[in-house]
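Colleague: I have the sequence and the coordinates open. Could you take me through the model point by point?

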Amino acid sequence: MRKPLVVALCALAMAGAGAAPAVAAEPSPTGADSSTTTGTTTGTVMDTVNGVLDTVSGLTAPKAGAVNFAGTVALSNCSGSVVRMPGSADDDPALVLTNGHCLESGFPAPGQVLVDRASSRTFSLLSSSGSRVATLRADRLVYATMTDTDAAIYRLRTTYAQIKSAYGIDALTLDANRPAAGTSISVVSGYWKRIYNCSVDGFAYRMKEGDWTWKDSVRYTPECNTIGGTSGSPVVDSATGKVVAVNNTGNEDGERCTVNNPCEVDENGTVTVRQGINYAQQTYQFPACFGVDNKLDLSASGCLIPKP
């Protein structure tokens, strides 16, 4: 998994010297939200980090017309995005998509599906240039799992219309269609304020990482060399602007099927290890599971995501 990070950044160098590189430390294996484990000190550090990243993002803002950061969010430990279903209404409560392994409570166990849990998690909403424009707050964790897929969906206290009116930012729309191999995509990290551009190289029938197994995972071409903290980033079809997957992992060390070293397993059980290659989980399955008022209905026709 592209595990959550607790980050300490050096201050920017003297004017004209450029920005100092980030130094990132891995968290405890639980993947807990850093704000719950390090208290006020982490909050102060993260404020400093976000200030530096805001400055850097101004130097690397995307060109007009390209996929940009509008509607993406930064979590305390991951990336994410404000999303809507194809049938969502403007006055529906907005949703945020990230990874199941980004939950503040830690990784869901294999086979575990979390539904309709109280949450007050906050998200930093980004503009097209990557600047923070607001802090959004959830009131529910609608759905989360690391079984078959690696996804979490939060419900916000604000509607799409309220976000649009206050900040001029639209939510990203989930594509209800499965992406095709060769599709040009962008992985947009709100945490790092960085955009990776590549293509869908293909699909892994099954992908195993530690105790977890995911189905029909998207494999990137090598240009999307995502890093820790990009977990939960929306994978955007560059042509349509719609979200087709959620970024979640990559094989770092060439190990076979271990944590941070997923392996691919085909229909015949043949295992393939691709060191340095990264992956995402498809999201076209979710629109069928959400109805009026953006309410989750796991019994809806066509809803095939894992159930509790």
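**Salt bridges**

Colleague: With which residue does Glu264 form a salt bridge?

Modeller: The closest N and O atoms of the Glu264 pair are 2.8 Å apart, and a salt bridge is a side-chain nitrogen of Lys or Arg within 4 Å of a carboxyl oxygen of Asp or Glu. This is a predicted model, in which local features need pLDDT of at least 70 and side-chain atom pairs count only at pLDDT 80 or more, while totals for chains, interfaces and linings use all residues. Residues are numbered from 1 along each chain as its sequence is written, and side-chain values use heavy atoms, with hydrogens and water left out. The partner of Glu264 is Arg274.

Colleague: How many residues apart in sequence are the parts that Glu264 and Arg274 tie together?

Modeller: Glu264 lies in strand S16 (residues 263-265), whereas Arg274 is in the loop between strand S17 (271-272) and strand S18 (278-282). Helices (H or I, at least four residues) and strands (E, at least two) are DSSP runs, numbered from the N terminus. The two parts tied together by the pair are separated in sequence by 10 residues.

Colleague: Is Glu264 buried or exposed?

Modeller: Buried means under 20% relative accessible area and exposed over 50%, with partly exposed in between (1.4 Å probe, protein chains only). At 7% relative accessibility, Glu264 counts as buried.

Colleague: Which residues are linked with Glu264 and Arg274 in a network of salt bridges?

Modeller: By the distance rule, the count comes to 10 salt bridges. The network that holds Glu264 and Arg274 also takes in Asp201 and Arg219.

Colleague: Which residue meets Arg121 in a salt bridge?

Modeller: The N to O distance of the Arg121 pair is 3.3 Å. It joins distant parts of the chain, from Arg121 in the loop between strand S6 (113-118) and strand S7 (122-126) to a partner in the loop between strand S5 (93-98) and S6, 17 residues apart.

Colleague: In which strand is the salt-bridge partner of Asp116 found?

Modeller: Asp116 forms a salt bridge with Arg140, with 3.0 Å between the closest N and O atoms. The pair links distant parts of the chain, 24 residues apart, with Asp116 in strand S6 and Arg140 in strand S8.

Colleague: Which residues are in contact with Phe286, leaving aside its neighbours within four places in sequence?

Modeller: Contact means heavy atoms within 4.5 Å. With those sequence neighbours set aside, Phe286 is in contact with Met85, Tyr143, Ala151, Ile153, Leu174 and Ile305.

**Disulfides**

Colleague: Is the link of Cys78 and Cys102 left-handed or right-handed?

Modeller: A disulfide is a pair of cysteine sulfur atoms within 2.5 Å, and the S to S distance from Cys78 to Cys102 is 2.1 Å. Cys78 lies in the loop between strand S3 (72-74) and S4, and Cys102 in the loop between S5 and S6, 24 residues away. Both cysteines are buried. With -85 degrees about the S-S bond, their link is left-handed.

Colleague: What is the torsion about the S-S bond of Cys289 and Cys303?

Modeller: Cys289 and Cys303 are joined by a disulfide with an S to S distance of 2.1 Å, and both are buried. The link is right-handed because the torsion about its S-S bond is about 105 degrees.

Colleague: Which pattern do the disulfides of the chain follow?

Modeller: The count comes to four disulfides, one of them between Cys257 and Cys263, whose sulfur atoms are 1.9 Å apart. With bonded cysteines counted along the chain, the pattern is 1-2, 3-4, 5-6, 7-8.
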